[in-house]
Amino acid sequence: MAVSIKSKAEIELMREAGRILAITHHELEKQVKPGMSTLDVDRIGEEIIRSYGCIPSFLNYNGYPASICVSINEEVVHGIPNKNRIIQEDDIVSLDAGVIYKGFHSDAARTLIMPEVSDEVKKLVEVTKQSFFEGIKHAVAGNHIADISKGVQKYAESFGYSVVRDLVGHGVGSKLHEEPEVPNFTGLRRGIKLRPGMTIAVEPMINLGDYDVYWEDDDWTVVTEDGLPSAHYENTILITDGEPEILSQAPGIPL
């Protein structure tokens, strides 16, 4: 398994990609509201990314037709923006986006809560976000990928939620998806040992109901089998000699 260790110069480029991506998510969070179409969300997101001289990572990636993945309620990931899909007052809206800055990617996702979302679903979104932070407590040199996975899974499942098995996090750098895979659940293998200079996307996808999912006919949109909501939270992180550094953040913008 070839895992790339980034140079100081490459890490600096990824920090800038991450800063711009964090700004993009922050602007989207301020602007996304009920009554908008998911295509509106995509247009705004792409405009922000390009305004910084960057390229959207997702646009035309393996044929994906948009810049922002917009997934609502039971849609787990990879929802395709559509002018006829209108955001409702009681929706949760997961936004997954990537930025390319001078040849290097950053990848991050947020789940937004519309005004009339139930307390039950709000809790799912909060736990999904916190499960990311529980996972990266273990993202230190010398540990293994599975230590991150266990942290995510243990926390999410302690609330009775389930962790999606069919999709995982990944390495990220000069390519959007690099080695290694970063599952949110533990299996038979510990995965590779973490080393300083590794950059990975840790992205819990947590379901209110069962973990089973399926792909819709568009071959992109992943949906929960039981139709219950799913939440998504992701950041690009750097393994260091100490605590991990979240690259997809910007000064003054809350994670």
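A compact globule of 255 residues would have a radius of gyration near 18 Å, and the protein chain comes in at 17 Å, which agrees. Keep in mind that this is a predicted model. Along the principal axes, the C-alpha atoms fill a box of roughly 45 × 40 × 35 Å.

Buried residues account for 54% of the 255. The accessible surface is about 11,200 Å², with 47% of that belonging to carbon and sulfur atoms. If you take contacts between residues at least 6 apart in sequence, 69% of them join residues at least 24 apart. As for secondary structure, the chain has four helices and 15 strands.

**A three-stranded sheet**

Three of the strands make an open sheet, ordered β3-β12-β11, with antiparallel pairing. The edges are taken by β3 (75–77) and β11 (213–215); each has a single partner strand, so one side of each is left without a neighbour in the sheet. On average, neighbouring strands here are turned by 40° against each other, ignoring direction. Zooming in on one pair, β11 and β12 (residues 222–224) run antiparallel and are joined by three bridges. Trp215 stands opposite Val222 in β12.

**Salt bridges**

The structure holds ten salt bridges, and here are some of them:

| Pair | Closest N to O distance |
|---|---|
| Lys6 and Glu178 | 3.3 Å |
| Glu12 and Arg15 | 2.8 Å |

Start with Lys6 and Glu178, which form a salt bridge. Lys6 sits in the segment before α1 (8–31), while Glu178 belongs to strand β8 (residues 178–182), so the pair ties together parts that are 172 residues apart in sequence. Are these two residues buried or exposed? Both Lys6 and Glu178 are buried.

Next up is helix α1, where Glu12 and Arg15 are three residues apart and therefore separated by about one helical turn. Glu12 has 46% relative accessibility, so it counts as partly exposed. Arg15 is also listed as partly exposed, because its relative accessibility is 30%.

Glu27 and Lys30 lie in helix α1 too, again three residues apart, or about one turn of the helix.

How values were computed. Residues numbered from 1 in each chain as written. Predicted model: local features only at pLDDT ≥ 70, side-chain atom pairs only at ≥ 80, totals over all residues. Heavy atoms only, no water. Pairing = 2+ DSSP bridges. Helix = DSSP H or I, 4+ residues; strand = E, 2+ residues; numbered from the N terminus. Axes fitted to C-alpha atoms, helices over the stretch in contact; angles between N-to-C directions. Rg over C-alpha atoms; globule rule 2.2 N^0.38 Å. Buried < 20%, exposed > 50% of the residue type's maximum accessible area, 1.4 Å probe, protein only. Contact = heavy atoms within 4.5 Å. Areas by Shrake-Rupley, 256 points an atom, 1.4 Å probe, with all protein chains shown as cover. Salt bridge = Lys/Arg side-chain N within 4 Å of Asp/Glu carboxyl O.
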